[in-house]
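I opened a new page for this structure. My notes follow in the order I looked things up.

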Amino acid sequence: MSEKYRFHKDGLFFVTMTVVGWIDVFTRKKYADEIIKNLNYCIEHKGLEVYEFCIMSNHLHLICSVKDGEVGKVIRDFKSFTAKEIIRLIDENPQESRKEWLLYMFRYFAKGSSPKCEFQFWQHHNHPISLVSKRFILQRTRYIWNNPVKAGIVSEPQHYIYSSANPDTELKLS
């Protein structure tokens with residue numbers, strides 16, 4: 001793996017986490033809210049510092065660091081827990097019209113990854129990019145804020161509920 005895409009201690013990173021097969025899961029408020037809830041848990045209990053974020057229909061972006069630790073370990077734990085929780089929420093949701101298809105797809109993507117793994121929710125890679133200059137931080141912030149605008153979801157970044165551009169976000173930003 002290239003040095004460009006590695007976590008290191010005490011760094012500030014732009015991270016993208018993508019659902020396998022680019023499956024649109026976060027179109028349901030319940031699942032996007034679970035991401036917010038679990039990011040807040042990592043902020044409160046694991047030292048995660050989130051400066052910017054955006055949850056799109058099938059991926060999320062963060063600009064983040066960790067107090068006294070490694071971002072990679074926190075992201076690994078976050079992905080592991082949220083994968084199990086969101087799959088559980090899908091399975092237990094009687095109103096989920098795509099339940100069978102979603103569970104089938106998560107099983108399909110798990111094949112060959114590990115004999116112990118029934119489902120795979122997140123893609124394995126995060127492609128963390130170390131942000132070492134104000135220019136790169138500003139560039140990635142603009143990218144994050146404008147993601148829902150470019151997708152045609154909102155006309156202004158601050159109108160998107162699942163973004164740090166929204167002043168009313170429920171995520172506890174640093």
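**Aromatic pairs.** I searched the whole structure, a predicted model, for aromatic pairs and got seven. I then took up Phe 26 and Phe 121. Why is this pair edge-to-face? The ring centres of Phe 26 and Phe 121 are 6.1 Å apart and the planes stand at 70°, so the pair is edge-to-face; the cut-off for that class is over 60 degrees. Next I asked where the two residues sit in the chain. Phe 26 is in the loop between β1 and α1. Phe 121 is in the loop between α3 (99-110) and β4. The pair links distant parts of the chain, 95 residues apart.

**Sheet.** I looked up the strand order next. Four strands make an open sheet, and the order reads β2-β3-β1-β4. The pairing is antiparallel. Which strands are at the edges? I noted β2 (48-55) and β4 (129-130), each of which pairs on one side only. I then went to β2 and β3. They run antiparallel and are joined by seven bridges. For Leu 48, I found the bridge partner Val 66 in β3.

**Helices on the sheet.** I checked α1 first. This helix, residues 29-45, lies across β2 and β3. Its direction is at about 165° to β2. Then I checked α2, residues 71-92, which packs on the sheet. Helix α2 touches β1, β2 and β3, and its direction makes about 140° with that of β3.

**Largest pocket.** The largest pocket holds about 440 Å³. I counted 17 residues in its lining. Which of them are closest to the centre? They are Lys 79, Ser 80, Ala 83, Gln 120 and His 124. I sorted the lining of the largest pocket by class: six residues are nonpolar, seven polar and four charged.

**Second largest pocket.** I gave this one its own entry. Its space comes to about 160 Å³. The lining of the second largest pocket has 13 residues, and the closest to the centre are Phe 14, Thr 16, Thr 18, His 61 and His 127. Which elements supply at least two residues each? I wrote down β1 (13-18), β3 (59-66) and α4 (134-150). Strand β1 gives the largest share, three residues. By class, I noted four nonpolar, eight polar and one charged in the lining of the second largest pocket.

Notes: Residues are numbered from 1 along each chain as its sequence is written. This is a predicted model: local features need pLDDT of at least 70, side-chain atom pairs count only at pLDDT 80 or more; totals for chains, interfaces and linings use all residues. Side-chain values use heavy atoms; hydrogens and water are left out. On a 1 Å grid over the protein atoms alone, a cavity is a set of points where a 1.4 Å probe fits but cannot get out, and a pocket is an open set with protein on both sides within 12 Å along at least five of seven lines; lining residues have an atom within 4 Å of a point. Grid points are joined across faces, edges and corners, and a volume is the space filled by probe spheres set on the points. Ala, Val, Leu, Ile, Met, Phe, Trp, Tyr, Cys and Pro count as nonpolar, Asp, Glu, Lys and Arg as charged, and the others, Gly among them, as polar. Two strands pair if DSSP finds at least two bridges between them. Contact means heavy atoms within 4.5 Å. Axes are lines fitted to C-alpha atoms, for helices over the stretch in contact, and angles run from 0 to 180 degrees between N-to-C directions. Rings of Phe, Tyr and Trp (its six-membered ring) pair if their centres lie within 6.5 Å; planes under 30 degrees apart count as stacked, over 60 as edge-to-face and the rest as tilted.
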